[in-house]
Amino acid sequence: MENQPILATDRLLLRPFTLADASMVQRLAGDYAVAATTLLPYPYPDGLAEIWIASLREGIDRGEIAAFAVTLAGEGGLIGGVRLQIDRGHARGELGFWVARPCWGRGYATEAVRAVIEYGFSVLGLHRVYAMHFSRNPASGRVMEKCGMLHEGRLREHIRRWGVFEDVDVRGVLHDEWRERRTGPAIRECRVS
Ligand SMILES: CC(C)(COP(=O)(O)OP(=O)(O)OC[C@H]1O[C@@H](n2cnc3c(N)ncnc32)[C@H](O)[C@@H]1OP(=O)(O)O)[C@@H](O)C(=O)NCCC(=O)NCCS
C-alpha cells in the first residue's frame, strides 16, 4: 500500500493496516461494544480480518479508500481504525471509525478523525467529508461534532441492524468550513510509508 502515507498526531500514529494487524483487529473490532454501533460482524469470524486487510489494497491503489490503523505513538499498539471511502466524481469522502473499548473516553477518536479529515481535504483535495452514525450512539456524534462536522439530518429507520430498523444521523463538513474553523494542526507530520 505504497500510496498511503503515515500521519502523526500529538499522541497517535495513523499508518496503513498490514496482515500482522489481523488478530488484533479481530479481537478489538470483534468486541460486542464496538460491533453494536457499527456494521461490523459479531462474532467476528476467524480469517475475516485477513481478507478485509488484503481487500484494502485494491481500493487504496484505485484511490477509492484511505484506511488507517490507529496506533499509539511510541509503543505502537493498535487501538482502532479510521476509514475514508472516497467518491472522486463528487470529491467527497465518507468516514467510518472505531476505537478499542479500553481506550474510550481519552480523545483518541477525535484526534484520529481530525487527522483523517485534514488528510482528506489537504492531500486528497476533497470538497466534503461526511459520516453517518446510529442516532442511539451519541459518543460518535460527539466525536464528529468536536471535529467540526455539522448535523445535517436524520435518516429514519435507514439501516436494519440485527433485524431492527434504526435511525441514522448524518454529519458533514465542507472544505472551506474546515479551513475557517480549524484551531491547530490536525496532523503533525505526513510521511510516505
Ligand atoms: C464512538 C467512539 C469511536 C468514540 O471513541 P473515543 O475515543 O471514546 O472518543 P473521544 O474520547 O474522542 O470522544 C468521545 C466523546 O463522546 C462523549 N460521550 C461518550 N459517551 C457519550 C454518551 N453516551 N452521550 C453523549 N456523549 C458521550 C465523550 O464525553 C466525549 O466527548 P467530550 O470530549 O466532549 O467529553 C468509540 O466509542 C467507538 O469506537 N465506539 C464503537 C464503534 C463506533 O460507534 N464507531 C462510530 C461509528 S460511526
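My entries cover the ligand, the salt bridges and a surface patch.

**Ground rules.** I am working with a predicted model, where local features need pLDDT of at least 70, side-chain atom pairs count only at pLDDT 80 or more, and totals for chains, interfaces and linings use all residues. Numbering runs from 1 along each chain as its sequence is written, and side-chain values use heavy atoms, with hydrogens and water left out.

**Ligand.** I started with what surrounds the ligand and found 24 residues, the closest being Thr37, Gly105, Thr110, Arg142 and Lys146. A residue is near here if one of its heavy atoms lies within 4 Å of the molecule. Then I went through polar contacts (pairs of N or O atoms within 3.5 Å; within protein, one must be able to donate a hydrogen and the other to accept it, and residues adjacent in sequence count only if both atoms are side-chain atoms). The side chain of threonine 37 puts an N or O atom 2.6 Å from a ligand oxygen. For arginine 142, again through a side-chain N or O atom, I noted 2.7 Å to an oxygen of the ligand. Valine 99 uses a backbone N or O atom, 2.8 Å from a ligand oxygen. On its own the ligand has 960 Å² of accessible area, and the protein covers 71% of that. Accessible areas come from the Shrake-Rupley method with a 1.4 Å probe; for residues, only the protein chains shown count as cover.

**Salt bridges.** My rule was a side-chain nitrogen of Lys or Arg within 4 Å of a carboxyl oxygen of Asp or Glu, and the count came to 13. Arginine 142 turned up again, paired with glutamate 145 at 3.2 Å between the closest N and O atoms. The two are 3 residues apart in helix 5 (residues 138–146), so about one helical turn separates them. Helices are DSSP runs of H or I, at least four residues, numbered from the N terminus.

How exposed is arginine 142? I get 44% relative accessibility, so arginine 142 counts as partly exposed (buried is under 20%, exposed over 50%, partly exposed in between; 1.4 Å probe, protein chains only).

I also found Glu58, Arg62 and Glu64 linked in a salt-bridge network, with arginine 62 and glutamate 64 meeting at 3.1 Å, N to O.

**Surface patch.** Tyr32, Tyr42 and Trp162 make a nonpolar surface patch, with about 350 Å² of accessible area together. Patch residues have over 30% relative accessible area and no salt bridge; like charges are joined within 9 Å, nonpolar side chains (Val, Leu, Ile, Met, Phe, Trp, Tyr) within 5 Å. I placed tyrosine 42 in the loop between helix 2 (32–35) and helix 3 (48–61).
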